[in-house]
Every structure is written in structure tokens, then in C-alpha cells.
Amino acid sequence: MVRETVLTPDDFIYPLFVVHGNGQQRPIRSMPGQHQWSVDLLPQQAEEIAALGIPAVILFGLPVTKDARGSENYAENGIVQQAIRAIKDAVPELVVVTDVCMCEYTDHGHCGILDDRGYVLNDPTLEVLQQVVSSHVEAGADIVAPSGMMDGAVAAIRQELDRIGATNTAIMAYAAKFASGFYGPFREAADSPPAFGDRKQYQMDPGNGREALLEVALDAAEGADILMVKPALPYLDILAQMRANFDRPTAAYHVSGEYAMIKAAAENGWIDERTVALESLTAIKRAGADMILTYFAKDAARWLKG
Ligand code: PBG
């Protein structure tokens, strides 16, 4: 009766990894319980997710080939474009969010086009992101989520959405994305580790809270509809300040490393998985998240239904 924060399945967005092929449900070693799915198996997944009361999924694609520009990223029949169509055909009411980034598609694994010294070329990268967004919208995406931390990405995407008349598509900005070790398991899941260096050129320094809020303010001003912080638990202070200072829906990404740590400790019998997972998600909501991207979405929805 007096509980202030109540978790429900409609708080969650479930990440899905999509691969080419047929009948593929490949376990992701670094994330026990998570899989890479081929497109033919997605309708059944979508139905299961929707039946649990989870309103949305976010898609990550693994292309057939990678190149310097990441061309499958904006191909009409790219893996994510196929996945969007399959899900929207099967369960139209399930909200489809797409990750808009280059790292899964480029041969060097960085989130932008590189110059010959290995530095990201920010503005040429924005043109690629615009192409990606157009192809996702064309396929039926409801929300596009730029995750590469390129300067001006939200403005460029807003401009592209206006240009193609996509007035019903929303932008979920990875506004405060930290250069985090907690993304480790994801880079195996999405086959996206940088071939050299790290992502500190474009992602946030974990020590910089004020700069993170500046990044959030820029994305809000550029026209983001939803603002995200990532990872979640180590950055609850940033999340709480976002909620207090910006009147936009706020999202938090409970990332792969946060998931994997709970799984690993639970498998060793050191903590109780269900208790710790629900406690983590409740804390993220209490700190200010209106929605949580989490690999626990399906399990947590089942647990909450009791
Ligand atoms: C792509 C991207 C990453 C994640 C989401 N989108 C990886 C990265 O930035 O290295 C991480 C998600 C997770 O760890 O669960 N830019």
C-alpha cells in the first residue's frame, strides 16, 4: 500500500539480436539466456514478448559482410530492415525501436567513418546515419535510436525525418552514453568490438557528470523525443538529474555487463537472480526511468505476473 515505486512489464524494452539464416536461435555465450535470432523466428518471439505485456523491442543486426562504410546498415533488404518488417507484420502493436549506429556494420568496428589516422569523421558519419534512418522508417520502425554519440546526430536525424515526411517516427537519443566496460558482453553478442583503440573519442568519460548533462541538453535541443542514459545502475545520479531537469520521457539502458554479472553470480549460487534483478530494475525506475531497456524484460515480466 505504501510502496512508492512499482515495476510493471510495460516499463520494459527488450533488446533482440538478429542474424541472417533460417531457424537460427544461437545462444550468446557471454549473456546466458539471450540468443541471436534469424528473421523467420521473430514473429513467434514478438508474439511471446507482446503477450507478456512488454510494449517494445529494440533491434540490433549482424550483417553478412562488414565494410568501411557499413553499407548493409542502410540496405533495403538489410538484416534489421527484414526484421522490422517481420515483426510489424506479425504484431503491429509491438513498438519497434532500431539502434542507429555503425559499429556492427563497419570492418573496423567503430561507430563512425574513420580518416586515415583512425579518427572518426563526425559530419560524414551523420550522412550515413540519415541513410540508415530512412531505410529503417521505410521498413516500418516506430522509434530510431542513435547510439554512436556523434555530435549533431539528433539534429541530422530530425532533419531527415522531416525531409521524408516521417512525422510519426520518434527519436530516442542515447544522450548520455558512457565509455563503459559494462558493454563487454554486448560486443560478443553483436560482434561489434572496435578492431583497434576504444570508444573514448566519442563516448563520455565516467568521471564527467556535468558534461553528460550538457550532452543531454544538446540532444533535447536538437529534438530528441526520449532521452537515455547508459549504463543504468552505475549512473543513477545522472539519471535522477535528467529526470529532474528535462521534461522528456527518460530511458535507462540496463546493459549487457549489468545483466551478465547478475547471471554469473546467480549461477554460482552467490546471489538470488530474481531478487537482485527485480531490485536493480526497481532502483532504476525509482531513480527516474520511465522506461528500461533490459535483457531481463521477459523474465521480469513473468516474475511480476507471479
Ligand atoms: C552500439 C551499441 C552498444 C551497446 C548498444 N548499442 C555497444 C557499444 O557502444 O560499444 C551496448 C549495449 C549493452 O552493452 O547491452 N553503439
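**Close-up 1. Helices α2 and α3 run roughly parallel to each other.** In this predicted model, helix α2 (residues 79-90) and helix α3 (residues 122-139) bring their axes within 8 Å, crossing at roughly 25°. Angles under 35 degrees count as roughly parallel, and the pair is therefore described that way. The crossing of α2 past α3 is right-handed.

**Close-up 2. Helices α8 and α9 pack at an angle of about 160°.** Here the partners are α8 (residues 256-267) and α9 (residues 273-287), and their axes lie 9 Å apart. That angle makes α8 roughly antiparallel to α9. As α8 passes α9, the crossing is right-handed. From α8 come Ile262, Lys263 and Ala266, while α9 brings Glu273, Val276, Ala277 and Ser280 to the contact. The class tally for α8 with α9 is 4 nonpolar, 1 polar and 2 charged residues.

**Close-up 3. Serine 38 sits in strand β3 (residues 35-38).** With a relative accessible area of 0%, serine 38 is buried. Setting aside residues up to four places away in sequence, its contacts are Val19, His20, Gly21, Asn22, Gly23 and Gln24. For glutamine 24 there is a distance to check: its backbone nitrogen is 2.8 Å from a polar atom of the serine 38 side chain.

Technical notes:
Residues are numbered from 1 along each chain as its sequence is written. This is a predicted model: local features need pLDDT of at least 70, side-chain atom pairs count only at pLDDT 80 or more; totals for chains, interfaces and linings use all residues. Side-chain values use heavy atoms; hydrogens and water are left out. Helices (H or I, at least four residues) and strands (E, at least two) are DSSP runs, numbered from the N terminus. Buried means under 20% relative accessible area, exposed over 50%, partly exposed in between (1.4 Å probe, protein chains only). A polar contact is a pair of N or O atoms within 3.5 Å; within protein, one must be able to donate a hydrogen and the other to accept it, and residues adjacent in sequence count only if both atoms are side-chain atoms. Contact means heavy atoms within 4.5 Å. Axes are lines fitted to C-alpha atoms, for helices over the stretch in contact, and angles run from 0 to 180 degrees between N-to-C directions. Angles under 35 degrees count as roughly parallel, over 145 as roughly antiparallel, 65 to 115 as roughly perpendicular and the rest as oblique. A crossing is left-handed if the near helix is turned anticlockwise from the far one by less than a right angle, and right-handed if clockwise. Ala, Val, Leu, Ile, Met, Phe, Trp, Tyr, Cys and Pro count as nonpolar, Asp, Glu, Lys and Arg as charged, and the others, Gly among them, as polar.
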